[in-house]
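Student: I am new to this structure and would like to go through it slowly, one question at a time. Could we begin once it is on the screen?

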Amino acid sequence: MEGQQGQDSHATLALAQARFSTGDYAEAEALYSAYIRRRACAAPAGAAPVSKCSPEDLATAYNNRGQIKYFRVDFYEAMDDYTSAIEVQPDFEVPYYNRGLILYRLGYFDDALEDFKKVLDLNPGFQDATLSLKQTMIDKEEKQRRSY
């Protein structure tokens with residue numbers, strides 16, 4: 001039975017990825033949510049999800065569901081998903097970057113800087129993070145200059 005559930009979960013994740021890549025975001029979000037619920041239900045209350053799913057798959061599901069919420073401009077919900085992805089897989093740089101973009105857009109420059117720096121600690125070649133870090137520093141300085 002557990003083997004069947006694992007296959008079903010993998011199929012759900014694969015279908016979610018396919019829907020996401022074709023822009024069917026409503027269906028992809030429902031599938032990512034179903035996958036995440038199955039993985040969360042595999043853990044005791046208050047514990048991190050434990051199952052045969054890989055942390056990479058679970059973090060990707062959270063990250064991609066966060067992207068869908070970002071596209072809808074549900075920034076705080078998207079940040080919750082990015083944070084969950086980071087908790088599941090702390091060395092996955094993409095959700096740090098995505099969360100940093102939202103923090104930047106909301107004007108939380110210090111928090112955005114932290115996320116962009118973390119991305120570059122994990123992946124020094126992440127060019128978009130380098131550009132975002134520089135722009136955040138410029139905008140933070142400009143905001144400080146205007147505040148005086």
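Student: Which residues does A59 touch, not counting residues up to four places away in sequence?
Tutor: Please keep in mind that this is a predicted model. A59 lies in helix α3, and at 0% relative accessibility it counts as buried, because the cut-off for buried is under 20%. Leaving out residues up to four places away in sequence, the residues that A59 touches are A85, V88, Q89 and F92.

Student: How far apart are the C-alpha atoms of A59 and D81?
Tutor: Along the chain, A59 and D81 are 22 residues apart. D81 is listed among the buried residues of α4, whereas A59 belongs to helix α3.

Student: How many helices and how many strands does the chain have?
Tutor: Read along the sequence, the pattern is α-α-α-α-α-α-α. Of the 148 residues of the chain, 41% count as buried. The count for the chain is seven helices and zero strands.

Student: What covers the buried residues of α4?
Tutor: Helix α4 has 14 residues and reaches 20 Å from its first C-alpha to its last, close to the 20 Å expected at 1.5 Å a residue. Its buried residues are F75, A78, M79, D81, Y82, S84, A85 and I86. What covers these buried residues includes α3 (55-71) and α5.

Student: Are α4 and α5 roughly parallel or roughly antiparallel to each other?
Tutor: Two packed helices are described by the angle between their axes and the distance between the axes. Helix α4 (residues 75-88) and helix α5 (residues 93-105) pack at an angle of about 150°, with their axes 9 Å apart. Because angles over 145 degrees count as roughly antiparallel, α4 and α5 are roughly antiparallel.

Student: How do the residues of the contact of α4 with α5 divide into nonpolar, polar and charged?
Tutor: The crossing of α4 and α5 is left-handed. On the α4 side the contact is made by F75, A78, M79, Y82, T83, A85 and I86, and on the α5 side by P95, Y96, N98, R99, I102, L103 and R105. The residues of this contact divide into 10 nonpolar, two polar and two charged.

Student: Which helices do the buried residues of α5 pack against?
Tutor: Helix α5 has 13 residues and reaches 19 Å from its first C-alpha to its last, close to the 18 Å expected at 1.5 Å a residue. The buried residues in α5 are E93, P95, Y96, Y97, N98, R99, G100, I102 and L103. These buried residues pack against α3, α4, α6 and α7.

Student: Which residues does N98 touch, not counting residues up to four places away in sequence?
Tutor: N98 lies in helix α5. With a relative accessible area of 8%, N98 is buried, because that value is under 20%. Apart from residues up to four places away in sequence, N98 touches N63, Q67 and Y82.

Student: Is V73 buried or exposed?
Tutor: The place of V73 is in the loop between α3 and α4, and its phi is near 65°, a positive value in a residue other than glycine. Its relative accessible area is 52%, and because values over 50% count as exposed, V73 is exposed.

Student: How do the residues of the contact of α6 with α7 divide into nonpolar, polar and charged?
Tutor: Helix α6 (residues 109-122) and helix α7 (residues 127-147) pack at an angle of about 160°, with their axes 9 Å apart, and that makes α6 roughly antiparallel to α7. The crossing in which α6 passes α7 is left-handed. From α6, the residues F109, D110, A112, L113, F116, K117, V119 and L120 meet A129, T130, S132, L133, T136, M137, D139, K140 and K143 in α7. The residues of this contact divide into nine nonpolar, three polar and five charged.

Student: How far apart in space are D8 and R38, C-alpha to C-alpha?
Tutor: D8 lies in helix α1 (residues 2-21), and it is partly exposed, with a relative accessible area of 36%. D8 and R38 are 30 residues apart in sequence. Their distance in space, C-alpha to C-alpha, is 9.9 Å.

Key: Residues numbered from 1 in each chain as written. Predicted model: local features only at pLDDT ≥ 70, side-chain atom pairs only at ≥ 80, totals over all residues. Heavy atoms only, no water. Axes fitted to C-alpha atoms, helices over the stretch in contact; angles between N-to-C directions. Helix = DSSP H or I, 4+ residues; strand = E, 2+ residues; numbered from the N terminus. Parallel < 35°, antiparallel > 145°, perpendicular 65-115°, else oblique. Left-handed = near helix turned anticlockwise from the far one by under 90°. Contact = heavy atoms within 4.5 Å. Nonpolar A, V, L, I, M, F, W, Y, C, P; charged D, E, K, R; others polar. Expected span 1.5 Å × (residues − 1). Buried < 20%, exposed > 50% of the residue type's maximum accessible area, 1.4 Å probe, protein only.
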